[in-house]
Amino acid sequence: MPQKYVLITGTSSGIGAATVKLLADSGYTVFAGVRNEKALQQWQQSNHPQIIPLRLDVTQTKAIEEACQEVAKTVGENGLYALINNAGNCIGVPTEEFEEEAAKHLMETHFWGMAKLCKACIPLLRKYAQASGSSARIINIGSTGSISSFPFIQFYNAAKFAILGFTESIRFELAPQNIHCSAILPGAVKTEIWNRAEESIKASLQQLSTEGAHLYRDNITTALQLSNKLENKGVSAQAAALIYKKVLQSRKPKLKYFIGADSKLMHWMVRYLPDSLRHSIINTQLKFKKTL
Ligand SMILES: NC(=O)c1ccc[n+]([C@@H]2O[C@H](COP(=O)([O-])OP(=O)(O)OC[C@H]3O[C@@H](n4cnc5c(N)ncnc54)[C@H](OP(=O)(O)O)[C@@H]3O)[C@@H](O)[C@H]2O)c1
């Protein structure tokens, strides 16, 4: 069998870092995409023979092109076994006060970065499928937020819904080329993203206008408290990494993989409950106050 090269984005911390370690220890050769120098050096210093650190900011088209050229050179005629689009961030803000630049940057990170990487890597994945006579993989990270939304993280939800739709579409398109496409949909996973999101939401609280503070402050605070509770019940980054590995090893990968009891429960609710009942369950947890 040819060597199995995997490219994964957003590997400085959390699920990405855990996945790099797990896959490299399992015999895959992993291109570990990171956007900052410190993280690049950390992977270099790990001296793991199966880890190839790669500078890759997914919001930069040129960085994507250069990274994929480097990948193409290394994998040669063997091709690329799998692309894992994992990079992500989260911002929270009342909709009427959002900053366009921050919202666009989030969409660039989650959605456009993922789409451009798929475009650049499809020829390399096809090469693997042809050379090996077996299937290659694309795995995109969605979230429970790909099927059900949470207040004040509207751009995160929009990006995650879009990722699931995109993945389902290319699953049809690329199956004839023996490239399987899946989305993994974690519930809460204990990683830095929660602290980063909380910081962003607290910063937006500081910047609220007087009217904005009256309308949103209490409900944002309540939403933060609920999100802290959800995070505390989250699974580990290693548990999420195991699902990535499962998709890579599955003979017939599914479209969707739910991670954690919360994610499975939400899937069940979306599937079997009317929206009104699901919303009233979420509203009971949120306990939002009327602000008019
Ligand atoms: N944790 C959860 O509960 C949860 C649940 C569902 C889905 N997810 C998804 O899981 C993925 C990984 O997040 P995580 O939970 O592991 O959080 P994390 O520890 O914050 O990891 C996010 C990673 O994405 C990287 N990243 C952010 N912007 C980037 C960019 N422009 N280019 C390249 N890399 C970038 C970060 O790098 P820097 O260090 O350079 O910022 C970091 O390595 C995200 O897509 C997230 O939406 C997480």
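In the predicted model, Asn-178 lies in the loop that links helix H5 (154-174) to strand E6 (179-186). The phi angle of Asn-178 is near 65°, a positive value in a residue that is not glycine. Most residues other than glycine have a negative phi. Asn-178 has 16 C-beta neighbours inside 10 Å and is therefore classed as partly exposed, since this class lies between the cut-offs of 12 or fewer for exposed and 20 or more for buried.

A positive phi is also found at Lys-287, where the angle is near 50° and the residue is again other than glycine. Lys-287 is placed in the segment that follows helix H10 (275-286). With 12 other C-beta atoms within 10 Å, Lys-287 is exposed, because the limit for that class is 12 or fewer.

Strand E1 (residues 5-8) is covered on both of its faces. Tyr-5 and Leu-7 are buried on one side, and Val-6 and Ile-8 are buried on the other. In a regular strand the side chains alternate between the two faces of the sheet.

Strand E1 pairs with two strands, E2 and E4. E1 and E2 (residues 29-34) run parallel and are joined by four bridges, with Tyr-5 opposite Thr-29 of E2. The pairing of E1 with E4 (residues 82-85) is likewise parallel and involves three bridges; here Leu-7 is opposite Leu-83 of E4. Together with helix H1 (residues 14-25), E1 and E2 form a β-α-β unit, and this unit is right-handed.

The largest nonpolar core contains 81 residues. The residues with the most contacts inside this core include Val-6, Val-30, Phe-31, Ala-32 and Leu-83. Helix H4 (residues 100-132) makes the greatest contribution to the core, namely ten residues. Leaving aside residues up to four places away in sequence, Phe-31 touches Tyr-5, Val-6, Leu-7 and Ile-8, as well as Ile-52, Leu-54 and Val-71. Tyr-5, Val-6, Leu-7 and Ile-8 are the buried residues described above for E1.

The ligand is surrounded by 30 residues, of which Gly-10, Gly-14, Gly-88, Thr-191 and Ile-193 are the closest. By type, the shell consists of 16 polar, ten nonpolar and four charged residues. At least two residues of the shell come from helix H1, and at least two from helix H6 (192-206).

Definitions and conventions
Residues numbered from 1 in each chain as written. Predicted model: local features only at pLDDT ≥ 70, side-chain atom pairs only at ≥ 80, totals over all residues. Pairing = 2+ DSSP bridges. Right-handed = clockwise from strand over helix to strand, strands pointing away. Core = buried A, V, L, I, M, F, W, Y, C linked by C-beta atoms within 7 Å. Contact = placed C-beta atoms within 7 Å. Near = placed C-beta within 6 Å. Nonpolar A, V, L, I, M, F, W, Y, C, P; charged D, E, K, R; others polar.
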